[in-house]
Structure formats: C-alpha cells, structure tokens
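My entries follow in the order in which I checked things.

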Amino acid sequence: MKTEVKKIDATKREVSIEVSGDIVKNKFEDVFKKVAKDAKVPGFRPGHAPRDVLEKHYSSYVHEQVLKELVPDVYNEAITKEGLAVLQLPEISDVKLDRPKLLLSFKALVEVSPQIAVEGYKGRVVNFKKISVTPDEIKRDIDSLKESRKIDTVDDSFAKGLGYPNLSELEQAIGRQIFLQKENLQRQRIENEIVDNITQGLNFPLPQALINRQLEDEVRKAKLDLVLKGVSRDKIDEGQGAISAQFEPEVKRQVKVYLVLAEIAKKENIPVDDNMPRRVMELLLREADWNIQI
C-alpha cells in the first residue's frame, strides 16, 4: 500500500491511497466466487456457469462490488497506517480500479483532530462550600405544596395525603431533595470551573465537521420544541438562520471542551467513547486541590 498525506488546512487532510497486486486480485476472486454460487445464466444451473460466461454477464457488477468492499477496507488500513485521528466519514474521490493492472487508487478528504497542548490539568484548585439546608427552605417548599393542593393546614394529615407517615417524615424528605439539588448545582459549577480553567488560553482550530454535527442536533431539537408549541413550519423555516446563529457560540464552546477532554483522555489512556467526558471529569475531580469552605 502506498499512502501520501497532504495538509489542506489546520484540520483537513487529503490522503492519496494506492494498492495493487494480490490485494486487488484476491478481492476480485472472492467476489466472483460469491456471484458464481447464485448466478442465474441461461443454459446453466446456478453455480455451474463457466468463468468466461460469468465474466461476460457479471463483469460490471463484480467491478462495482469490488469497489464497495475494497475501498472501505483499504481506507481504514491507510488511516491506521498514517495514525490519523479522523472525525467524520471521508469524502472519497478520484477512484480508479484497473483490473488488468490489478491497481486501485483513490483520494480521501478527511477532517482530523487539531493538535492541542493540554498541560497542568491536574491539581486545579476547587472551591467547595459545605452544603446545608435551612428550616426556612423546607418551609418554603412545603408552602408551595400547600398552594398546589389548596390545603389550609399543614399537619400529619397533610403529609399522609402526600404518601408520608407524618409531617416530620415529609420535612426530612423535602430536606434531602433540597440537599441533592444543591449538591448537583455545586457539582455542575465545579465541573464548569475546572473545564473553563483548563480550556482558557488554549487556542486551536475547531473542526467544522464537529461544529456542523452538533449545531444540526441543537437546531433540530429547537425546531421540534417550536413545533410542539404550535409554531408553523413555515415560520420555523424562515427563522432557521437565526436559530443556528443563536446556538453557534455555545456549540463551539462544547466542541472545544470535548476536544480538550478527548486529548486528556488520550494522555491518561481513557477510551474515547460515549462515556469519555464523564470518566475524564471524574479524573479531574479526583486530582483537584479541594478548598473546603464552611
């Protein structure tokens, strides 16, 4: 296999790929064997047509099938050989399959992860404030329940109506809910602070493929929300540009954060899969310098 990588810009690469000899020959043989098993040729039983007859009737089909099977395999091997961290499916062009010469060549335009110099991500200072729940906060939530149920007296009967043995148990349950809400909010704040501190000052080109993919998803969800609110499709389509513009800054931030976390994952031998962001964040939290505030 021959490969040549040409840098188009900061994140795009054009990979020229060429294979020849037995790789091409064997693929043609494999495809013809598959065709021969089920080929329906007048005058011959399935699987018994001579090779020259199959060549005459199925040559074009075999040619296309060889391309369908061989190009993806060769492409993946070339990407692995060159060590490219590809972010999307390639744009394949200039495909040439010369059977007499047993030669396949094509070009693949790909977008790759940018180089990111992530350093000092361990030991970041984290300010953690001890969480407490006050009686007034519990009373506020109980008063809200009271308003929603239009019950005048908050007592054990009120609690039993909500599925609790008594008012004390209800207050404890609400206290736990408030505590968990505060805990979740604080964790989100801490995670955002850690990520913001790590990404601050890191300037690198963002792959447009990732931006487009995330932006399309955000716009799709926003349009669906508008549909559910009764906004006409014509109105939604007219404002699609404004919707995209609204989400673009946040999408770019998300892409930047993802790429930084992915770079940390590589350094720490963490698999880059759907659970990667959570695993990296857990690492950053474990390695943080916690400043507990009472």
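The expected span here is 1.5 Å times one less than the number of residues, and helices are DSSP runs (H or I, at least four residues) numbered from the N terminus. I noted that this is a predicted model, in which local features need pLDDT of at least 70 and side-chain atom pairs count only at pLDDT 80 or more, while totals for chains, interfaces and linings use all residues. Residues are numbered from 1 along each chain as its sequence is written, and side-chain values use heavy atoms, with hydrogens and water left out.

At the start of helix 5, I found a side-chain oxygen of Asn166 within 3.2 Å of the backbone nitrogen of Ser168. Just after helix 5, Gly201 has a positive phi of about 90 degrees.

I looked up the axes of helix 3 (residues 135-149) and helix 5 (residues 167-199), which come within 9 Å and cross at roughly 110 degrees; axes are lines fitted to C-alpha atoms, for helices over the stretch in contact, and angles run from 0 to 180 degrees between N-to-C directions. The two helices are therefore roughly perpendicular to each other, a word used for angles of 65 to 115 degrees, with under 35 counted as roughly parallel, over 145 as roughly antiparallel and the rest as oblique. Where they meet (contact means heavy atoms within 4.5 Å), I listed Glu137, Ile138, Asp141, Ile142 and Leu145 from helix 3, and Glu171, Ile174, Gly175, Ile178 and Lys182 from helix 5.

Helix 1 (residues 22-38) packs on helix 2 at an angle of about 125 degrees, and their axes are 8 Å apart. That makes helix 1 oblique to helix 2. Among the residues that make the contact are Lys27, Val31 and Lys34 of helix 1 and Glu69 of helix 2.

I then followed Glu69, which sits in helix 2 (residues 51-82). Which residues does Glu69 touch, leaving aside its neighbours within four places in sequence? I found Lys27, Val31 and Lys34. The side chains of Glu69 and Lys27 are also joined by a polar contact of 3.2 Å, meaning a pair of N or O atoms within 3.5 Å; within protein, one must be able to donate a hydrogen and the other to accept it, and residues adjacent in sequence count only if both atoms are side-chain atoms.

Helix 6 (residues 208-228) and helix 8 (residues 240-267) pack at about 135 degrees, with axes 8 Å apart. That makes helix 6 oblique to helix 8.
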